[in-house]
Amino acid sequence: MNKINYQRELDQLIEGIEAEGKVPTLLLHSCCAPCSSYCIEYLSQFFTITVFYYNPNIYPDEEYFHRVKEQQRFISEFPTKHPVSFIEGDFEKDRFYSEVAKGLEKEPERGARCTKCFELRLGETAKRAAAEGMDYFATTLTISPMKDVELLNTIGAAMGERYGVEYLATEFRKKNGYLRSTQISKEYDMYRQDYCGCVYSYQEREAQKSK
Ligand code: SF4
């Protein structure tokens, strides 16, 4: 099966939006400020963005609150063509452990636990986008070289259908998006974590460090 060129599809969609002179609204799920940096720089040229910080997977609590603060600081300091605002979802940790991690604690990163983690976060984003009357929703997760873009976009589209809101399929690491995010992160002196987010990825990172 041919791999879908998500960036080309997004380019075409943006061309159409521009031709119509529209600036649609977009609820952008963000995993962290560094990953969001390029996504915001790029998409805010065409969309009015609300960044949605919904990541109940993050461990420990201090890490969660630190990531939220960095996200808010970046949005307040970064100049954009169209406005970018911020909303924080519930930090419902129990939901992550009961709906995502239960029975999958030993899974490696990119395994079955991660699929459920994406379903939780993208499902909640789609639900919120529908409630807020957004034109589209998307996620910054497709910028990461560690993540399965095909899987993320498949889950995003399914959640969009479930909640009746259009999912914007992306592949932000194309067009050097990941590289650009590292440059912006340096420029804004941003905190860059070295593990995905949950306690299991934290433990994996600690084990690698001690080797
Ligand atoms: S490794 Fe990352 S994507 Fe996978 S379950 Fe943990 S936080 Fe979620």
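This is a predicted model: local features need pLDDT of at least 70, side-chain atom pairs count only at pLDDT 80 or more; totals for chains, interfaces and linings use all residues.
Helices, at least four residues long, are DSSP runs numbered from the N terminus. On that basis, helix H5, spanning residues 112-131, gives the most to the shell around the ligand, with five residues.

The residues around the ligand are Asn57, Glu109, Arg113, Cys114, Cys117, Phe118, Arg121, Cys196, Cys198 and Ser201. By class, this shell has five nonpolar, two polar and three charged residues. The ligand itself sits in the largest cavity.

The protein has eight helices and five strands. Along the sequence, these elements follow the pattern α-β-α-β-α-β-α-α-β-α-β-α-α. The radius of gyration is 16 Å, close to the 17 Å that the globule rule gives for 211 residues, so the protein is as compact as a globular protein of that length. Taken along the principal axes, the C-alpha atoms fill a box of roughly 55 × 40 × 35 Å. Buried residues account for 50% of the 211 residues. Contacts were also sorted by sequence separation. Among those between residues at least 6 apart in sequence, 76% join residues at least 24 apart.

Leu10 lies in helix H1, which covers residues 6-19. Its relative accessible area is 2%, so Leu10 is buried, the cut-off being under 20%. With neighbours within four places in sequence left aside, Leu10 is in contact with Tyr42, Leu168, Ala169 and Thr170. Leu10 and Thr154 are 144 residues apart in sequence, and their C-alpha atoms are 15 Å apart in space.

Glu92 is found in the loop between strand E3 (84-88) and helix H4 (93-101). With a relative accessible area of 24%, Glu92 is partly exposed, because this value falls between the 20% and 50% cut-offs. Not counting residues up to four places away in sequence, Glu92 touches Tyr54, Pro56 and Glu124. The pair Glu92 and Gln45 is 47 residues apart along the chain. The C-alpha atoms of Glu92 and Gln45 are separated by 32 Å.

Backbone geometry was examined next. Most residues other than glycine have a negative phi, and most peptide bonds are trans. The peptide bond from Tyr59 to Pro60 is cis, with omega near -10 degrees. Pro60 is placed in the loop between strand E2 (48-53) and helix H3 (61-77).

Lys175 has phi near 55 degrees, a positive value in a residue other than glycine. The loop that holds Lys175 runs between strand E5 (166-167) and helix H7 (177-187). The relative accessibility of Asn176 is 55%, so Asn176 counts as exposed, with the cut-off at over 50%.

Note on methods. Residues are numbered from 1 along each chain as its sequence is written. Side-chain values use heavy atoms; hydrogens and water are left out. A residue is near a molecule or strand if one of its heavy atoms lies within 4 Å of it. On a 1 Å grid over the protein atoms alone, a cavity is a set of points where a 1.4 Å probe fits but cannot get out, and a pocket is an open set with protein on both sides within 12 Å along at least five of seven lines; lining residues have an atom within 4 Å of a point. A molecule sits in a cavity or pocket if more than half of its atoms lie within 2 Å of its grid points. Helices (H or I, at least four residues) and strands (E, at least two) are DSSP runs, numbered from the N terminus. Ala, Val, Leu, Ile, Met, Phe, Trp, Tyr, Cys and Pro count as nonpolar, Asp, Glu, Lys and Arg as charged, and the others, Gly among them, as polar. The radius of gyration is taken over C-alpha atoms; the globule rule is 2.2 Å times the number of residues to the power 0.38. Buried means under 20% relative accessible area, exposed over 50%, partly exposed in between (1.4 Å probe, protein chains only). Contact means heavy atoms within 4.5 Å.
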